[in-house]
Amino acid sequence: MACELVRLNGNDDSEVYFPFSASEADFDAAIKRRNMHRASPEATALVKSFKPYRGGNDALRAIHDLDIMDKHRALIPTTDMVGAPEVPWAREPGASARFGPIRDGMSVPALIAQSHLPIGHYARGEFVLRFSVLDPTGKRAGPLGGGELVPTLKSLAELVDGIIEAFAGLCG
């Protein structure tokens, strides 16, 4: 898309990339570094409006971070929490007993026998697939910070569709 916008402006599209930066302060430099400044002023302004940097549009920046991460490591959703909602030994009435984030080799407490639960209660476990709270090194926050897998992927797809539609409006 970035290359097409540069070509539509009559410029060479070599070494053109959609610009991302670590911060808003570095974003204008990223536009030049990624040669996006060769696109029309309207296209450049539209790119700026998407704020593809940390602290701007964090979801869009997360797509970039996942793309970079995936080039060098596997993108593996992880089990972040398991739970037993409505279990009477939870800390507060109506609260769930939750354990997480789950780490390799970790023991997860479980109710062995439901026979000790009061009549009318049962242990209903939950299993939710989430993106890791941490990046693969375990040292920094992950780009999607524990978001549920399917809803997060759907929202990212909608974000990208909206960006494509916005650029299509410039070309039509």
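Lys51 is partly exposed, with a relative accessible area of 42%. In this predicted model, Lys51 belongs to the loop between α3 and α4. Its phi is positive, at about 50°, although Lys51 is not a glycine.

Glu15 also has a positive phi, near 60°, and is likewise a residue other than glycine. Glu15 is located in the loop between α1 (2-8) and α2. With a relative accessibility of 54%, Glu15 counts as exposed, because the threshold for that class is over 50%.

## Overall architecture

Five helices and three strands make up the secondary structure of the protein. Read from the N terminus, the order of elements is α-α-α-α-β-β-β-α.

The protein has 172 residues, of which 29% are buried. Its accessible surface amounts to about 10,900 Å², and carbon and sulfur atoms account for 54% of that area. Of the contacts between residues at least 6 apart in sequence, 48% connect residues at least 24 apart.

## Aromatic pairs

Three aromatic pairs are present in the structure. In one of them, the ring centres of Phe18 and Phe20 are 5.2 Å apart and the planes meet at 50°, so the pair is tilted. The angle places the pair in this class because planes under 30 degrees apart count as stacked and those over 60 as edge-to-face. Phe18 and Phe20 are both buried.

Phe27 and Tyr53 form another tilted pair, with 5.5 Å from centre to centre and 55° between the planes. Phe27 is part of helix α2 (residues 27-33), whereas Tyr53 lies in the loop between α3 (41-49) and α4 (58-72); the pair therefore ties together parts that are 26 residues apart in sequence. Both partners fall under the 20% limit for burial: the relative accessible area is 3% for Phe27 and 5% for Tyr53. The loop that holds Tyr53, between α3 and α4, is also the location of Lys51. Tyr53 is thus buried, while Lys51 is partly exposed.

## A charge over a ring

Tyr17 takes part in an arrangement of another kind. The charged end of Arg34 sits over the Tyr17 ring, at 5.2 Å from the ring centre.

## Ser40 in the loop between α2 and α3

Ser40 is situated in the loop between α2 and α3. A relative accessible area of 17% makes Ser40 buried, since the class covers values under 20%.

The side chain of Ser40 reaches the backbone nitrogen of Ala43 at a distance of 3.0 Å. Ser40 also lies 5.7 Å from Asn9, C-alpha to C-alpha, although the two are 31 residues apart in sequence.

## Helix α5

Helix α5 comprises 23 residues (residues 149-171). The buried residues of α5 are Leu149, Thr152, Leu156, Ile163 and Phe167.

Thr152, which is found in this helix, has a relative accessible area of 13% and is therefore buried. A polar atom of its side chain lies 2.6 Å from the backbone oxygen of Glu148. Beyond its neighbours within four places in sequence, Thr152 is in contact with Phe131, Leu144 and Gly147.

## Summary of local features

Two buried residues have side chains placed against backbone atoms: Ser40, with the backbone nitrogen of Ala43 at 3.0 Å, and Thr152, with the backbone oxygen of Glu148 at 2.6 Å. Positive phi values occur at Glu15 and at Lys51, the former exposed and the latter partly exposed. The tilted aromatic pairs include Phe18 with Phe20 and Phe27 with Tyr53.

Notes:
Residues are numbered from 1 along each chain as its sequence is written. This is a predicted model: local features need pLDDT of at least 70, side-chain atom pairs count only at pLDDT 80 or more; totals for chains, interfaces and linings use all residues. Side-chain values use heavy atoms; hydrogens and water are left out. Helices (H or I, at least four residues) and strands (E, at least two) are DSSP runs, numbered from the N terminus. The expected span of a helix is 1.5 Å times one less than its number of residues. Buried means under 20% relative accessible area, exposed over 50%, partly exposed in between (1.4 Å probe, protein chains only). Rings of Phe, Tyr and Trp (its six-membered ring) pair if their centres lie within 6.5 Å; planes under 30 degrees apart count as stacked, over 60 as edge-to-face and the rest as tilted. A charge sits over a ring if NZ of Lys or CZ of Arg is within 6 Å of the ring centre and within 35 degrees of the ring normal. A polar contact is a pair of N or O atoms within 3.5 Å; within protein, one must be able to donate a hydrogen and the other to accept it, and residues adjacent in sequence count only if both atoms are side-chain atoms. Contact means heavy atoms within 4.5 Å. Accessible areas come from the Shrake-Rupley method with a 1.4 Å probe; for residues, only the protein chains shown count as cover.
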